Amino acid sequence: MKCDFTDSLLHSYFDDELSTLDALEFGRHVEQCADCGTTLVNLDLLSGTLQLSQLYAPAPASLLREVRHKLGSMTPPRAGAKPFLWQWVAAAAALLLVAIATWRLSPELSNDNYETELAGEIVDMHMRSLEVGYTTGITSHDERAVKEWVERKLKFALPVRDFADSGFALQGGRVDVVEGRSVATLVYAHEGRLIDVFIWPTRKPDSSPREGSQQTFQWVDWRKGKLEFCAVSDVEPTGLKQLYQLMDSSGS
Amino acid sequence: MSEFDLEDRVRFEQLVLPHVDAAFNLARWLLRGRADAEDVAQEALLRACRYFPGFHGGDPRAWVLQIVRNTCYTWLEKNRPTELAVEFNEKFHQQNHATPERLAISGDDRERLTRALEALPPRFREVLILRELEGCSYKEIAAITSIPIGTVMSSLARARRQLCFFLRDPSRKEANREV
């Protein structure tokens, strides 16, 4: 018996592009039509082979480098303009460092040592953030993709949630080095501004949030489930607290 | 070159640059060569920068791939006009209406597939690449290529049929190449 279904229908069925009803009807047809059955097996084989044959050509690194370079020359720094992203990242990281150092180091170190050590760390951090920068991390709204990417690079598990519905859209993540250890950094956008949430393992017990500010930046720090979180941004302090509440109540 | 502000740049980094691989891959298959693909993909991405302030929402991957695709076609028209004139060989189309037989793909698949793909006319090749390698939906392919969705379906069906034909009978794989 000659199959009178059109080719487009068969391919749409194969590509999951049919409506549920049409797919059901065509599925019933396939059970009885040897020709369509064989063609579907072939399509599956072809599709699988195409995907497994390393035909996808990732871009050479020089392409991205060149585009970024040209991009840089298109955005000249202006007086009074907001700083470039990496400067912002460096500033946020430096601020975090100040915050961490203040909480952790000040009892142990004299003021002089503290200042020297801190200055050194800040310079290092600044240079590192130039190298690793915000842009070399993963850029994605997908919780799982960001989680997998960050966890592949770190030795601890962390919760990654997108709160786009509440006005905090996950932008991606990266890995930074603070005080000589690797920390996960999640990036959220809130009302047109970016928030960095630094996360690292801790042995200390859970704590309620502490907050503070440094120049124009705000931070909120808390511990939960053997992880320490520090959100840093130039958003309004209430914005950071809101993000803390979202993360805290989502099981973070 | 027009200036775009920091906010544009941040958004461009977040929305468009994650699709650099997709941009390069499409250019590589449309132009059939890495060196040309890198040049043209770069041109397309810089063009995307210039258009970006006018991009308001929508799917950034489809948006940038559309620009890449158009830039590739402009390049082909200028540098290899004959390539765009290649039409689909209807002979294969008819032959393949015969009762299908099982494919046997094995061995040097990558080489065979590359040649079979490159032998397809560009308009069929792009649909297949977007569907099979980029995972685009019919709707996305229609948006990227500016062709109606019905034509996307039929082009995809014909491209696949021809690819199957090449793979079934390796001795015929160069037959349709008329560059």
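Predicted model: local features only at pLDDT ≥ 70, side-chain atom pairs only at ≥ 80, totals over all residues.
Student: How many helices and how many strands does chain B have?
Tutor: Let's start by reading along the sequence, where the pattern is α-α-α-α-α-α-α-α-α-α. The secondary structure of chain B therefore consists of helices as DSSP runs. The count comes to zero strands and 10 helices.

Student: How many residues of chain B are in contact with chain A, and which class supplies 23 of them?
Tutor: Several helices of chain B each give at least two residues to the side that touches chain A, including α1 (6-15), α3 (34-51) and α10 (149-168). On the chain A side, 42 residues take part, and on the chain B side 43. Of those on chain B, 14 are charged, six are polar and 23 are nonpolar.

Student: Which class has 10 residues in the contact of α3(B) with α4(B)?
Tutor: Among the residues making this contact are V40(B) and A44(B) of α3(B), with I67(B) and W75(B) of α4(B). By class, the contact has two charged residues, one polar residue and 10 that are nonpolar.

Student: What percentage of the residues of chain B count as buried?
Tutor: A residue is buried if 20 or more other C-beta atoms lie within 10 Å of its own. Among the 179 residues of chain B, the share that counts as buried is 42%.

Notes: Residues numbered from 1 in each chain as written. Chains lettered and ligands numbered in written order. Contact = placed C-beta atoms within 7 Å. Helix = DSSP H or I, 4+ residues; strand = E, 2+ residues; numbered from the N terminus. Nonpolar A, V, L, I, M, F, W, Y, C, P; charged D, E, K, R; others polar. Buried ≥ 20, exposed ≤ 12 C-beta atoms within 10 Å, placed from the backbone.
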